[in-house]
Amino acid sequence: MARFTVPAQPSRSVLCVDRLLGVDMTNDPGNVAKEQSPCGDNMIRDVPGKVRKCMGYQRVATLPGAINGCHFFGQDVLVHAGVALYRTGRDWEEAPKQIYTGMANAASRSWQLSGKLFIADGKALLVYDGKTVQPAANLAKVPLFTIARPPAGGGVQYEPLNLLQPKFTERFAGTEADTVYCLSFSGLDSTAVTVRLLQKNGSWSQMTEGTGFTVNRAAGQVTFTAAPGKSPVTGEDNVEITAARTVTGYADRINRCDVGALFGVSGAADRLFLSGNLEFPNYDWFSGQNDGTYWPDTGYSVLGSGAGAVMGYSVINNYLAAHKDAGETERNVILRRGDLVEDEPSFPIVNTLQGPGAAAKGSFAYLASEPVFLTALGVYAVTPSDISGERYSQNRSYYLNGALTKETGLEAATAAVHRDLYWLCLNGKAYILDGMQDLGTRSGEPYSTRQYAAFYRTNLPARTIWTQGDQLYFGDGNGGVFRFYSDPTMPESYNDDGAAIQAVWETPDLGGKLFYKNKSFCRYALQLTPAVATSVAVWVQKRGIWRLVRREERKARYLSYCRWCYSKFTYSNDSTTKTLYGKLRIKRVDKARFRFENGEKNEPFGLMAWALEFTENGNYKG
C-alpha cells in the first residue's frame with residue numbers, strides 16, 4: 001500500500017514595527033534599521049516613536065526684497081527685507097511699515113543689550129530703541145581718554161578710544177600761567193572742539209570754539225585767551241576738552257561684522273562680541289559693559305591664523321566658543337573665559353578643539369542644550385565634556401549625511417530650533433534633527449557619543465528661518481514671509497501655501513532572516529492616526545519596480561460635524577486609532593520594500609506602526 005507524506009507548511013514570519021525613528025539617508029536601503037526609513041519625505045515626529053505628515057505653511061506678508069532676517073524687541077517685529085527694515089506687530093495683522101533703509105542685502109542678526117536692540121548686517125551696526133533705528137555710531141559713547149593731565153601733556157589714561165566714533169575727551173589740571181593745552185593726538189578733525197570749565201559749585205560751564213580759545217588742529221593744541229587757572233575744587237580736574245580725530249577704518253572694524261554673541265566676565269551676558277569682518281577674518285571685538293555703542297580700541301582678540309575666519313559663536317556653560325571655518329586646519333573651535341584682571345575685563349583662551357570647520361554663519365543654534373552648527377561633514381556639536389575632556393567636536397547628523405554632505409552652497413544654510421527640532425534649511429529643503437530622540441551610537445560614528453533621530457522636508461524655500469513664541473516662520477528670496485501651521489488636528493494645516501504635501505514613509509529592503517531564501521509576502525497591516533480626512537496609498541517594490549497595492553480613503557476617517565467635508569464623508573464616528581489590513585501576493589523574491597504614502601491636499605497622515613507576514617522557503621534563483 002503506497003504511503004504519501006504531506007510536506008510541512010513553511011513557517012510564517014511576522015515583522016511588526018511600532019517604533020518609528022526617522023530617516024536614514026546614509027546607509028544602503030538594505031542596511032537601514034527596520035525602525036527607520038531610507039525615504040521619509042515630509043514625515044516628522046508626532047510623539048517620540050511615532051511619525052506624521054509635516055504641517056504646511058501660509059503666507060503672512062509680502063515685502064519688496066529678499067528676507068534677510070527677523071528681529072524682536074518688546075511687542076515689535078522688525079523684518080529685514082532687501083536693503084530696508086520694516087516694523088509690524090507680534091500678530092502680523094498690521095501691514096509692515098518701513099522704518100529704515102540703507103542696510104546690506106545680506107543676512108542680519110540681532111541681540112538685546114541694556115534695553116536696546118543691536119542689529120549687525122555687515123554694513124553698519126544699527127540700534128533700535130523701540131521708536132527709531134539709526135547707526136550705533138550716532139549714539140556712540142565719547143570716552144574720557146585721560147584724566148589729571150598737565151597742560152603740556154601726560155596724565156593718566158582712563159578709558160580707551162571708541163572705534164565707532166572719532167571723539168575723545170581729556171581732563172586737565174589747570175594752572176594760573178598756562179594758556180596752551182596739548183591734547184594726546186595731533187591731526188584733529190574739523191569737528192568743533194568743545195571746552196568745559198569746572199566752577200566752584202561743582203557745575204561745568206561750556207565754552208565755544210573761537211570765543212575764549214582757539215584750536216591748532218595740526219598740532220593738537222588748544223590756546224586760551226586767558227589761563228583757566230587752578231581747579232576751584234581740590235583734587236579735581238577743572239579743564240575738559242572734547243575733540244575728534246578720525247582713524248580710517250576704525251569704525252568699519254565694527255560696522256562690517258555680521259556674527260556675534262552676548263558674553264562677559266564670569267559668563268555674564270553683558271557685553272556684545274562681534275566678528276565676521278572679511279578684512280579681519282580671525283579678529284573679534286567686545287563692547288563696553290552693558291553698552292553696545294562703546295567699542296574700546298583695545299578690546300579685541302586674534303583667534304588663530306588669518307587663514308581661518310570666525311563663522312559664529314556658542315556659549316557653553318561659562319565659556320565662549322568661537323567657531324572658525326575650514327581654513328583653520330588644526331584647531332577650529334577656540335574656547336575663552338571671562339575674567340577681571342586689575343579691574344579690567346580679560347578673555348583668555350582656555351582650550352582649542354579639533355574638528356571640521358563651520359560652513360554657514362546662519363547654522364548655529366542650541367539643540368537639547370548642545371550648541372550645533374553645520375560643517376562640510378554634517379551637523380556637529382560641542383558638548384561641555386569637550387572643554388576639559390575630549391579633543392574634538394562631535395557629529396550629530398550621521399543619518400542625514402548621505403544627502404546633506406552632497407548639497408552645494410552650504411554657506412547659505414539657515415537654522416532654527418523649534419519644539420526640540422533643529423531645522424537646517426538649504427536649497428529648498430530642511431534637514432531636521434530631533435533633540436527628543438537620542439538614538440545612541442548604533443551608527444558606529446567614531447567621533448560621536450550620540451545620534452539624533454532625523455527627518456527630511458521638501459518644498460521649503462527658506463532664506464532665513466526663525467521662531468516667534470511657539471510658532472515657526474521663514475522668509476524666502478522673493479519677499480515672502482510664511483508661518484507654519486501649529487494645529488496638527490486641523491486638515492487645513494496640511495498644505496504649503498495652497499500646494500499639496502507629498503508625505504512618504506518607506507520601509508528598508510526586507511530580506512527576512514536568510515537573505516538567500518525565497519520570500520512570499522502574504523499580508524500587511526498599518527496602524528494610522530485617525531482624522532476627519534485622511535488616506536493612504538500602499539506601494540510595493542518588487543525586483544526594482546514599484547506598483548500600487550491598495551489605496552484606502554475611508555477606513556481611517558471619522559465623522560465630525562464641526563469639520564464637515566462632504567467629499568470625504570464617512571458614517572464612522574470611531575475616532576480611535578485605526579488598523580488597516582490587507583492581503584498581498586508577492587512571491588519568490590529575495591527582498592521587497594513597501595511605501596506608505598499620502599499626497600492629498602489638506603489631509604493629515606499619521607503612521608503609528610506597520611506589520612508584514614511572509615514565509616521563507618527554497619533558495620532564491622534570481
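This is a predicted model: local features need pLDDT of at least 70, side-chain atom pairs count only at pLDDT 80 or more; totals for chains, interfaces and linings use all residues.
Local features need pLDDT of at least 70 and side-chain atom pairs count only at pLDDT 80 or more, while totals for chains, interfaces and linings use all residues. Residues are numbered from 1 along each chain as its sequence is written, and side-chain values use heavy atoms, with hydrogens and water left out.

Start with the hairpin, made by strand 19 and strand 20 with four residues between them. Strands here are DSSP runs (E, at least two residues), numbered from the N terminus. Strand 19 covers residues 213-216 and runs antiparallel to strand 20 (residues 221-224), joined to it by four bridges; two strands count as paired if DSSP finds at least two bridges between them. Phe213 sits opposite Phe224 of strand 20. In the turn, Gly220 has a positive phi of about 75 degrees. Buried means under 20% relative accessible area (1.4 Å probe, protein chains only).

Next comes an open sheet of four strands, ordered 43-48-45-46 with antiparallel pairing. Its edges are strand 43 (503-506) and strand 46 (545-552), each pairing on one side only. Strand 45 (residues 536-542) meets strand 46 over seven bridges, and Val536 is opposite Glu552 of strand 46.

The other open sheet has six strands in the order 14-13-15-21-17-18, and its pairing is mixed. Strand 14 (156-157) and strand 18 (204-208) are the edges. Strand 13 (residues 144-149) pairs with strand 15 (residues 167-172) in the parallel sense, over three bridges; Arg149 has Phe172 in strand 15 as its bridge partner.

Technical notes: Buried means under 20% relative accessible area, exposed over 50%, partly exposed in between (1.4 Å probe, protein chains only).
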